[in-house]
Amino acid sequence: MRVDIVPVGDVPANVKREASASLRSIYDCDVVVATEQPVPESAYDDARGQYRAAEFIDVATRAGNGDKTIAITPEDLYYRRRNYVFGLAYLDGRGCVVSTYRLQTSSDGGFSERPASDVFADRVRKEVVHELGHTLGLEHCDNNRCAMNFSPTVREVDRKEQHLCGSCQRTVF
């Protein structure tokens, strides 16, 4: 399987590296970083001051040539009635998106004394594994250590691991 990472907006090199390494490690896939795409201004909601996440998936699927595509953006995203989302994917779909905007918050839920850059890198790895998992048919997992566990706050993101639990692994592999 080939996964294309499509940077949408100014995505730092370290974010692209963390995402690539994590996807290769967990899903044993080929990863290609595609050409950076502009932020879709039509996705911006003036009233909310945020971008609609689904339009970033559209950008990724148009720009990427892989079996799966993942847009990564520094922009603040929302979906439907949610205040914000770290990412969005359609179950068994081709594309997904991860926003690093709220993953950069200084709070890691009190779980460590590690540098903020390390905590942020962990969050990026976990969220790309999570969103790509949805495109492979994985739903949210009840195991709070599994990367597929629903995590609406950074506290929950920090609690889970970047790996899939045994049950989720068996579903995908």
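**Exercise 1. Find which strands helix α2 lies across.**

Step 1. Locate helix α2 at residues 53-63; helices here are DSSP runs of H or I with at least four residues, strands are runs of E with at least two, and both are numbered from the N terminus.

Step 2. Look at what lies against α2: the helix lies across β1, β5, β7 and β8 (95-99). Contact means heavy atoms within 4.5 Å.

Step 3. Read the angle: α2 runs at about 125° to β8. Axes are lines fitted to C-alpha atoms, for helices over the stretch in contact, and angles run from 0 to 180 degrees between N-to-C directions.

A word on the ground rules: this is a predicted model, where local features need pLDDT of at least 70 and side-chain atom pairs count only at pLDDT 80 or more, while totals for chains, interfaces and linings use all residues. Residues are numbered from 1 along each chain as its sequence is written, and side-chain values use heavy atoms, leaving out hydrogens and water.

**Exercise 2. Work out the strand order of the sheet and its edges.**

Step 1. Follow the five strands of this open, mixed sheet: the order is β2-β1-β5-β8-β7. Two strands pair if DSSP finds at least two bridges between them.

Step 2. Pick out the edges: β2 (30-33) and β7 (87-89) each have a single partner strand, so one side of each lacks a neighbour in the sheet.

Step 3. Zoom in on β1 (residues 2-7) and β5 (residues 68-73), which run parallel and are joined by five bridges. Here V3 stands opposite K68 in β5.

**Exercise 3. Decide whether H130 and H134 are buried or exposed.**

Step 1. Start from the record: UniProt, in an unreviewed entry, places the feature "binding site" at H130, H134 and H140. Such annotations may be inferred rather than shown by experiment; feature names are shortened, and positions follow the numbering used here.

Step 2. Place the residues: H130 lies in helix α3, and H134 lies in helix α3.

Step 3. Check the relative accessible area: H130 has 4% and is buried, and H134, with 10%, is buried too. Buried means under 20%, exposed over 50%, and partly exposed in between (1.4 Å probe, protein chains only).
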